[in-house]
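Okay, thanks everyone, I'll keep this short.

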Amino acid sequence: MIEGAIWRRWVFFYIPLTLFLIFLLFPFYWMIITTFRPDGELYRPWRAVNYNPFWTWHPTLLHIKYLFTETMFSTWLVNTMFIALASTAISLFCGIFAGYALSRLNFPFAGSLGTGIFVTYLVPQTLLFIPLSEIIRNYKLGDTPWSLILTYPTFLIPFCTWLMMGYFKAVPKELEECARIDGASRWQAMLYIIIPVAVPGILSAGIFAFTLSWNEFIYALVFLSSPEQKTVPVGVVSELIRGDVFFWGPLMAGALLGSIPVAIAYSFFVEHYVSGLTGSVKG
Amino acid sequence: MAVTVAGADVGMHQKPPRQKWRPLENERSLAFLLLLPTLTLLGLFIAYPFVRGILLSVSSARVGIPGEFVGLQNFQRLMTDPIFAHVVWNTCFYTAVTTVFKLALGLWLAMLLNRHFRFKAFTRAFILLPFIIPTVLSTFAWKWMFDPTFSVLNWLFYKLGLISSAINWLGDPDLAMLSIIIVNIWRGVPFFAISLLAGLQTISPDLNEAAAIDGAKPWQRFIHITWPLLLPVTMVVVLFSVIQTFADFQIVYVMTGGGPANATHLFATYAYQLGVGTGILSMGAAVSLAMFPILFLIVIFQLLYIRRVETR
């Protein structure tokens, strides 16, 4: 479909696309190369002679070793995984039911409730973190994973609900009616007829919610204080920087390893993720 | 309602296999039960904190001290606070500049990706990485690239002969602002590109072909066909992005911490510094609540505009 002379193809297509790719992916390359580069090569002034920053002939695993022996990185990974999975499960549970109710049941205030949930979707976390930290402390949830498992759904549920509403609306009414004529209760029709049809939507909502909770930062930063409770993003920030000293090797190793689980989850469900992302926008 | 009647009718003739639990059969009570978990969580952790936030912002509370009612004193103090004035300006500037660039670059990238070429699916998957990877972690990679002594960008510019002395990216107020703007654009372009690409794919190629046959040039086709048809999607994407950018925290927190000399503070980082850093909860709550009216206006304005575009 790319028409025209070869030079046009290069000027209008290949060169811009390559520049975009370099711009978007270079930081990750830099993360990887720093992870495996020995300290002696890392801290060389940028005007040193014979300095090639883009490659190393002496790859090392020291930074990764430091991460697992000198910090609680493995604990942070487990914490993050547990928190992300639990809050995703809660959000899916709530979002599926709420989405079903709002899209397929007739009841008073259905419209305004739907709008209300959409509006909470637009509330940024940074608007409420200070009063929320006080509430978390009052509920005695501070410095526990539950402070995050219970608060993450506040920005995941609206999105899940919104996405599921779109999927449920697309299921024809006749499907449900047939089941009910055959004697299924409303509950059974929902559980065995409607929800199975919406499985792709559930996967999309789930993978999107998982990446969002894996990436969350400000609540985790404010609600957690002891090193053994932290999530990867907060742990890396608070434990690998001492005052003004940045341990760049372990920092980049932590950034790389902390990104891998979410990148793997993403790579398995790219299509679902993309439809979740675009569905969340289109509604 | 027709469904209920039909279902009940048939139920009378053929005996249902099991006794149905009434609250699950009635539409209203079922809806209530299904919405209960969602409303509980959103009420406890969105509505209640919102009210608490307003109460905090009109009190003199600090960490560990409940404080007392002081009326609008905190907001009055913000009005005369030179740092807060700077915060308002910074946030608006940061949001406006990044949104324009994210939209322009995102649209360009979306149009490139809308063609057919080898490894298209692969490219699209890779392009989303900046959006998937935890922002804090990828921002550290940028901070390392902007490092005053070991910056790879300085090395590159030096080798290309563009500079002769090191650029102190994060030490100079204007360059620090430029740096966080670059990182925000980097993180946001994939979201714009992929969402707009989804919008582009809903536009029938027939329209463009018909216009091309009638002699319309590529840029004419873009202005008269692609852009108007893409406008509803564009508006929603911009709405989401503006809200996220306006309330941004992570990039500034990692890159500059609001410095140098408060030059890059946004609402969220200033609220964090006051509320969590120095423990003046009331002032922190006031700063983050000050975002609310502006966000509210943005949302109302854009929702009205979207409605107008969609009904046109």
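**An oblique helix pair, then the wider view**

So, α5(B) and α10(B) come out as oblique to each other. Just to be clear, this is a predicted model. Where does that label come from? Packed helices get described by the angle between their axes and the distance between those axes. For helix α5 of chain B, residues 82-113, against helix α10 of chain B, residues 173-201, we get an angle of about 45° and axes 7 Å apart. Angles under 35 degrees would count as roughly parallel and 65 to 115 as roughly perpendicular, so this one lands in the oblique class. The crossing of α5(B) and α10(B) is right-handed. And what sits in that contact? We have 18 nonpolar residues, four polar and one charged.

Zooming out to chain B: there are 15 helices and zero strands. Its radius of gyration is 26 Å, while the globule rule gives 20 Å for 312 residues, so chain B is more spread out than a compact globule. If you box up the C-alpha atoms of chain B along the principal axes, you get roughly 90 × 70 × 35 Å. Of the 312 residues in chain B, 39% count as buried. Taking contacts in chain B with a separation of 6 or more, 66% are between residues 24 or more positions apart.

Last bit, the interface. Chain A puts in 79 residues and chain B puts in 86. On the chain A side, helix α1, residues 6-35, gives the most, with 12 residues. By class, that side of chain A has 58 nonpolar, 14 polar and seven charged residues.

Technical notes: Residues numbered from 1 in each chain as written. Chains lettered and ligands numbered in written order. Predicted model: local features only at pLDDT ≥ 70, side-chain atom pairs only at ≥ 80, totals over all residues. Contact = placed C-beta atoms within 7 Å. Helix = DSSP H or I, 4+ residues; strand = E, 2+ residues; numbered from the N terminus. Nonpolar A, V, L, I, M, F, W, Y, C, P; charged D, E, K, R; others polar. Rg over C-alpha atoms; globule rule 2.2 N^0.38 Å. Buried ≥ 20, exposed ≤ 12 C-beta atoms within 10 Å, placed from the backbone. Axes fitted to C-alpha atoms, helices over the stretch in contact; angles between N-to-C directions. Parallel < 35°, antiparallel > 145°, perpendicular 65-115°, else oblique. Left-handed = near helix turned anticlockwise from the far one by under 90°.
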